[in-house]
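This report goes through one protein chain, element by element and then residue by residue. The sequence and the structure come first.

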Amino acid sequence: MSVHDGTDKTKQAELTALQAALAAEHAAVYGYGVVGGRVGTPRQGEARSAYDAHRAARDTLARSVRDLGGEPVAASPAYALPFTVADSPAALRLAAELEERLAGVYADLVRATTGHRRTTATVALREAAVRAVRWSGQSPAFPGLAERTDDTTGRAGAADSAPSASPAT
């Protein structure tokens with residue numbers, strides 16, 4: 001194996017993670033269009049700010065993909081929402097879910113990159129985690145890692161298990 005084989009594998013892993021982050025940002029931009037149309041007036045400014053942040057992140061990721069010699073993944077014409085978003089509470093849940101998913105993708109990007117790209121991915125992971133908390137009011141123990149397990153609550157370990165009292169006989 002030559003030195004270039006290792007470099008090529010590292011570059012390919014980085015490109016794959018960048019493409020996944022770009023695809024997730026495309027979905028987030030779409031999702032925030034839905035959120036903005038359903039979220040209540042008091043949170044519309046927050047939804048608009050998130051929408052703008054995701055558009056900027058999408059554009060930055062597309063440039064990064066091109067810098068590595070890749071062709072940026074295109075946005076889908078539409079995305080399937082994970083549930084019906086008919087009102088403001090559902091819009092809040094969607095926004096939180098979008099951010100939680102992005103945190104997972106950015107955690108992967110942090111692992112696959114070094115230097116400036118890793119720093120940028122770390123900042124994006126933190127921002128997604130903070131937005132998820134703002135939308136949901138709940139904070140996972142390790143943002144970006146809950147979706148890597150069967151437990152989607154974000155807890156680091158198994159469910160709390162207090163010893164149960166045995167029934168009196």
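## Helix 3

Helix 3 has 25 residues, which should span 36 Å at 1.5 Å a residue; the end C-alpha atoms of helix 3 are 36 Å apart, so the two values agree. The model is a predicted one. At the start of helix 3, Asp87 places a side-chain oxygen within 3.0 Å of the backbone nitrogen of Ala90.

Tyr106 belongs to helix 3. Because its relative accessibility is 4%, Tyr106 counts as buried. Not counting residues up to four places away in sequence, Tyr106 touches Ala21, Glu25, Ala57, Leu61, Ala121, Ala124 and Leu125. Between Tyr106 and Ala21 there are 6.5 Å in space, C-alpha to C-alpha, and the two are 85 residues apart in sequence.

## The chain as a whole

The protein chain contains four helices and zero strands. Read from the N terminus, the order of elements is α-α-α-α. Of the 169 residues in the protein chain, 34% are buried.

## Helix 1

Ala21 is a residue of helix 1. With a relative accessibility of 0%, Ala21 counts as buried, because buried means under 20%. When neighbours within four places in sequence are left aside, the contacts of Ala21 are Leu61, Val105, Tyr106 and Leu109. Ala21 and Ala62 are separated by 41 residues in sequence and lie 9.6 Å apart in space, C-alpha to C-alpha.

His26 is also found in helix 1. The relative accessible area of His26 is 12%, so this residue is buried. Its side chain reaches the backbone oxygen of Val73 at 3.0 Å. Val73 is also one of the residues that His26 touches, not counting those up to four places away in sequence; the others are Arg58, Ala74, Ala75 and Tyr79.

Thr41 sits in the loop between helix 1 and helix 2. Is Thr41 buried or exposed? Thr41 is exposed, because its relative accessible area is 64% and exposed means over 50%. From Thr41 to Ser88 the sequence separation is 47 residues, and the C-alpha atoms are 9.2 Å apart in space.

Helix 2 has 24 residues and covers 35 Å from its first C-alpha to its last, close to the 34 Å expected at 1.5 Å a residue. The buried residues of helix 2 are Ala47, Ala50, His54, Ala57, Leu61, Ala62, Ser64 and Val65. Leu61 is in contact with Ala21 of helix 1, and both Ala57 and Leu61 are touched by Tyr106. Just after helix 2, Gly69 has a positive phi of about 90°.

## The second largest pocket

Rolling a probe the size of a water molecule over the atoms shows where empty space is left. The second largest pocket has a volume of about 310 Å³. Its lining is made up of 22 residues, and those closest to the centre are Ala57, Thr60, Tyr106, Thr120 and Ala124. Two or more lining residues come from each of helix 1, helix 2, helix 3 and helix 4.

Which element gives the largest share of the lining of the second largest pocket? Helix 4 does, with nine residues. By type, the lining holds 11 nonpolar, six polar and five charged residues. Two of the residues closest to the centre, Ala57 and Ala124, are among those that Tyr106 touches.

## The loop between helix 3 and helix 4

Thr113 lies in the loop that runs between helix 3 (88-112) and helix 4 (115-136).

The side chain of Thr113 reaches the backbone oxygen of Leu109 at 2.7 Å. Leaving aside neighbours within four places in sequence, Thr113 is in contact with Glu14 and Arg118. Leu109 is also among the contacts of Ala21.

Terms used. Residues numbered from 1 in each chain as written. Predicted model: local features only at pLDDT ≥ 70, side-chain atom pairs only at ≥ 80, totals over all residues. Heavy atoms only, no water. Polar contact = N/O pair within 3.5 Å; in protein donor to acceptor, adjacent residues only side chain to side chain. Contact = heavy atoms within 4.5 Å. 1 Å grid on protein atoms, 1.4 Å probe; cavity = no way out; pocket = protein on both sides within 12 Å on 5 of 7 lines; lining within 4 Å. Points joined across faces, edges and corners; volume = space filled by probe spheres on them. Nonpolar A, V, L, I, M, F, W, Y, C, P; charged D, E, K, R; others polar. Expected span 1.5 Å × (residues − 1). Buried < 20%, exposed > 50% of the residue type's maximum accessible area, 1.4 Å probe, protein only.
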